[in-house]
Amino acid sequence: MKLHHLLFGVLSALALTTTVYASEKDEAVAQVSAAAKAVSADRAAGLKAIQEGKFTKGDVYAFAYALSGEMLAHPKNPRLVGKNMLDQPDAEGKLFRKELIEKAKAGRKDWTDYVYMNPETKAMEQKTTYCEKAGDVVVCAGVYR
């Protein structure tokens, strides 16, 4: 009987984790869509709104790159703004920014997977980031898995 309770608890935790992850992914898409509309309407004002965290809900926040890989807005780490991040790999050597920018240039609204340090846990974790092109800006939001 105890094994049954343990198994039920593990399965319940997995279901909750999957549900939270799915809702965070939905939130990432919503934040990117709203931020991309703002950037398309007024690039400077949209980037300022991203930088100020206007497109943030919980742990999900929008940030933006130029097509060249330069960070244009990041509400959680403003030190990155102005730096070209294109050739900065993830913890496993993947040039994920190059991949997500290439997808955006091709007109794809898509997810890119990589490994990144979670600022909350300070551990390397799997992350996926959704991006969409708005003019000459790539607007993104990511979630940890």
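Contact here means heavy atoms within 4.5 Å, and helices (H or I, at least four residues) and strands (E, at least two) are DSSP runs, numbered from the N terminus. The structure is a predicted model, in which local features need pLDDT of at least 70 and side-chain atom pairs count only at pLDDT 80 or more, while totals for chains, interfaces and linings use all residues. Residues are numbered from 1 along each chain as its sequence is written, and side-chain values use heavy atoms, with hydrogens and water left out.

Spanning residues 96-105, H3 has Phe96, Arg97, Leu100, Ile101, Lys103 and Ala104 as its buried residues, where buried means under 20% relative accessible area, exposed over 50%, and partly exposed in between (1.4 Å probe, protein chains only). Viewed down the axis of H3, these buried residues fall within an arc of 155°, so they line one face of the helix; the arc is that of the directions from the helix axis to the C-beta atoms. The buried residues of H3 pack against S2, strand S4 (110-117), S5 and S6. Just after H3, Gly107 adopts a positive phi of about 85°.

Two strands pair if DSSP finds at least two bridges between them. S4 and S5 are antiparallel over eight bridges, with Asp113 opposite Thr128 in S5. These two strands form a hairpin with six residues between them, and Lys122 in the turn has a positive phi of about 60°. S5 and S6 likewise pair in the antiparallel sense, over eight bridges. Their hairpin has two residues between the strands, and Gly135 in the turn has a positive phi of about 65°. S6 also pairs with S2, in the antiparallel sense over five bridges.

The next topic is the nonpolar core, a set of buried Ala, Val, Leu, Ile, Met, Phe, Trp, Tyr and Cys residues joined through side-chain atoms within 4.5 Å. The largest has 22 residues, of which Val39, Leu47, Ile50, Ala64, Val137 and Val139 touch the most other members. At least two residues each come from helix H1 (2-41), helix H2 (43-51), strand S2 (60-66), strand S3 (71-73), strand S5 (124-134) and strand S6 (137-144). H1 gives the most to this core, with five residues. Beyond its neighbours within four places in sequence, Val139 contacts a set of residues that includes Val32, Ala35, Ala36, Val39, Ile50 and Tyr130. A second, separate core of 15 residues includes Tyr61, Tyr65, Leu100 and Ala104.

The structure has one disulfide, defined as a pair of cysteine sulfur atoms within 2.5 Å. This disulfide joins Cys131 to Cys140, with an S to S distance of 2.4 Å. The link of Cys131 and Cys140 is right-handed, with 105° about the S-S bond. Cys131 is buried at a relative accessible area of 2%, and Cys140 is buried at 0%.

Charged pairs complete the picture. The structure holds 12 salt bridges, each being a side-chain nitrogen of Lys or Arg within 4 Å of a carboxyl oxygen of Asp or Glu. One of them is formed by the side chains of Lys57 and Glu27, at 3.8 Å from N to O. Lys57 lies in strand S1 (residues 56-57) and Glu27 in helix H1, so the pair ties together parts that are 30 residues apart in sequence. Glu27 is buried, with a relative accessible area of 17%.

Glu99 pairs with Lys103, the closest N and O atoms being 3.1 Å apart. Being four residues apart in helix H3, Glu99 and Lys103 are separated by about one helical turn. Glu99 is partly exposed, with a relative accessible area of 27%, whereas Lys103 is buried, with 13%. Asp110 forms a salt bridge with Arg108, where the closest N and O atoms are 2.3 Å apart. Arg108 counts as partly exposed at 41% relative accessibility. Lys94, Glu99, Lys103, Arg108 and Asp110 are linked in a network of salt bridges.
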